[in-house]
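Me: I would like to go through this structure by question and answer. Please start with helix packing.

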Amino acid sequence: MTCGCVIFAYDGDIAYGPQAVLASRLVKKHLDIPVTLITDIATASAIDCSIFESMIYTNVNDSNKRRLAGKEIAFKNGNRHSVYHLTPYDRTLVIDSDFLVFSTRLKEYLNSNYDFMICENMKDLNPSRQGSHVRFDPASLDMLWATNIIFNKTPEVEALFDLVEHIKDNWRWYGSLYKFDTRRFRNDYAFTVACHMMVDFHTALPSPVLFNDQDQLIKVSDQGLSWIVGMENFLIKTTDQDVHMMNKFDLLDNLDKLTELSND
Amino acid sequence: MIEKRLPSGYFTIALPTKQTDYLRLAYVTALTIKLTQPIGFNSISIATNHVRNAQNLKLAWVFDNIIEYEGPKGMNCRSRAYELTPYEETVFIDGDFLFLNDISHWWPHMQKHDLWCATRPMTFRNTTMEDKYYRKVFVDNNLPDFYSGWLYFKQSRETTKFFDVLRALTDYPETWKDQLIDYRFESIPTDEACALAAKMLDMVEDMSDPKLPFPRFTHMKPKSQGLQLSDDWTEQIPFYYDKEFNVKLGPFTQQDILHYTKKDLISDALINLLEDKVWNKYKDIL
């Protein structure tokens, strides 16, 4: 059985390609598995692709918009569901390009037998924030996080990915039914609804640390990453911990130093 | 004492008020029992002070017995269930239940005991209810977490003792007022009365097991559902059913029993649907 990691990256207002290169280097260092990049020609031509075992080129036509650190950002996220058919691996880890692996934690889950695993939560280290627990609506579902997914190729898992595509194609209808904000497509929402429709099909992955777009990465060293978190300016240090870093600006600003951490 | 001439079944008391037609609610409960429970586990009887109205219901035969009752009302009437029931073995239920699927497999476990009480309320999300908003008296007084909306009992000495105590608690406030702290009621509610009776008789472990996943029902007390905005859960959670009587609350499919609590939830359309389905199920064997 082959096992590997897949990362999606499409440059928009933010350069996702360099993030994917960093994420890939960290996966290789800590999880020791091959990495495939799903991208487009424009993104690939701007980065050194030699780190990836394979490249898959697909275009995403529909662009999305979000606010990040006070700025309106265009990005492309509409083809995550296609990973089931695109992945070259029997067992696949899918990560966001802003998910940085600093531990061997996910290895254990890659070695497990569960067919479909996804994060139920992220850990927000700011005690004054509500954290990463997102409920669509008081009467609706608790959101799953598609930041990390591990899956096997089985007919049931294929059905789940097909369902995600169906939900994406009928976004407003499902938004009305499940009472979520339909202004932009979110893979998190689509996977949440699909897992619910398949009667809690998933197994939970452990919750990684989340730093949102307001949190600042202020220092990168061999001893770990130092952060200023939230309006209260909490000082937090992470060591040997996987982090979901939503502040892409700081990620790119610190790319060289973070890359040094990915060296053996 | 009513002669116990039926082996086992569900029993409820329906005493309509100006605000709520409890007979109508009990009728719907009976329809759902007849619809979802297999033969041998689908008997239901009621005690009511509106016998004529019950006999005039479209499918009045869904009640295996309609028993005339003119005794105490409110909390006090439930402590009469033991003497009123026509069954050797009874599950006393609240009148605002919808039975959603076959739960007859609960019976063999309950039948090993003299009494058995529900301790597993569920949220509409199909998770075990953890919220204790409505259970302050239970927590403060270390009472077992009983939900008397589902109370199994058979005719026995133990059950007789239990109901004797229950009747004393509901009829004579002085029997419980010096045993409870931090209460704000003048009449003891039935959940508290059942819990206190079991505690006084040292029967808690004989009539409940919080680890057991049944008997359980989805208990739609709004604040225990994590809905802080209103006392009316239907303002926030849509209630759906299809023509097969599959029920959803919001996106969550409901199972086993829905204790809807919201008395005006039941529409004429729902009653018509249930009557049609029950008639189609039984028309060839009646």
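Me: At what angle do helix α1 and helix α10 of chain B pack, and how far apart are their axes?
Reply: This is a predicted model, in which local features need pLDDT of at least 70, side-chain atom pairs count only at pLDDT 80 or more, and totals for chains, interfaces and linings use all residues. Residues are numbered from 1 along each chain as its sequence is written, while chains are lettered from A and ligands numbered from 1 in the order in which they are written. Helices (DSSP runs of H or I, at least four residues, numbered from the N terminus) have axes fitted to C-alpha atoms over the stretch in contact, with angles from 0 to 180 degrees between N-to-C directions. Helix α1 (residues 22–36) and helix α10 (residues 268–282) of chain B pack at about 35 degrees, with their axes 9 Å apart.

Me: Which residues of α1(B) make the contact with α10(B)?
Reply: Two residues are in contact if their C-beta atoms, placed from the backbone, lie within 7 Å. On the α10(B) side, the residues include B:I271, B:L274 and B:V278. On the α1(B) side they are B:V28, B:L31, B:T32, B:K34 and B:L35.

Me: Why is helix α7 of chain A described as largely enclosed?
Reply: A residue is buried if 20 or more other C-beta atoms, placed from the backbone, lie within 10 Å of its own. Those buried in α7(A) include A:Y189, A:F191 and A:V193, and their cover includes β8, β10, α5 and α6 of chain A. Helix α7 (residues 187–197) is largely enclosed by the rest of the structure because the number of its 11 residues that are buried is eight.

Me: How is α5(A) oriented to α7(A)?
Reply: The axes of α5(A) and α7(A) come within 9 Å and cross at roughly 125 degrees. Angles under 35 degrees count as roughly parallel, over 145 as roughly antiparallel, 65 to 115 as roughly perpendicular and the rest as oblique. α5(A) is therefore, relative to α7(A), oblique.

Me: How many nonpolar residues are in the contact of α5(A) with α7(A)?
Reply: A:L160, A:L163, A:V164, A:I167 and A:K168 in α5(A) meet A:A190, A:F191, A:V193, A:A194 and A:M197 in α7(A). Ala, Val, Leu, Ile, Met, Phe, Trp, Tyr, Cys and Pro count as nonpolar, Asp, Glu, Lys and Arg as charged, and the others, Gly among them, as polar. By class there are no polar residues and one charged, and the nonpolar ones number nine.

Me: How many residues of chain A are in contact with chain B?
Reply: The side of chain B that touches chain A has three nonpolar, three polar and no charged residues. Six residues of chain B take part, and the number from chain A is seven.

Note on methods: Helix = DSSP H or I, 4+ residues; strand = E, 2+ residues; numbered from the N terminus. Buried ≥ 20, exposed ≤ 12 C-beta atoms within 10 Å, placed from the backbone.
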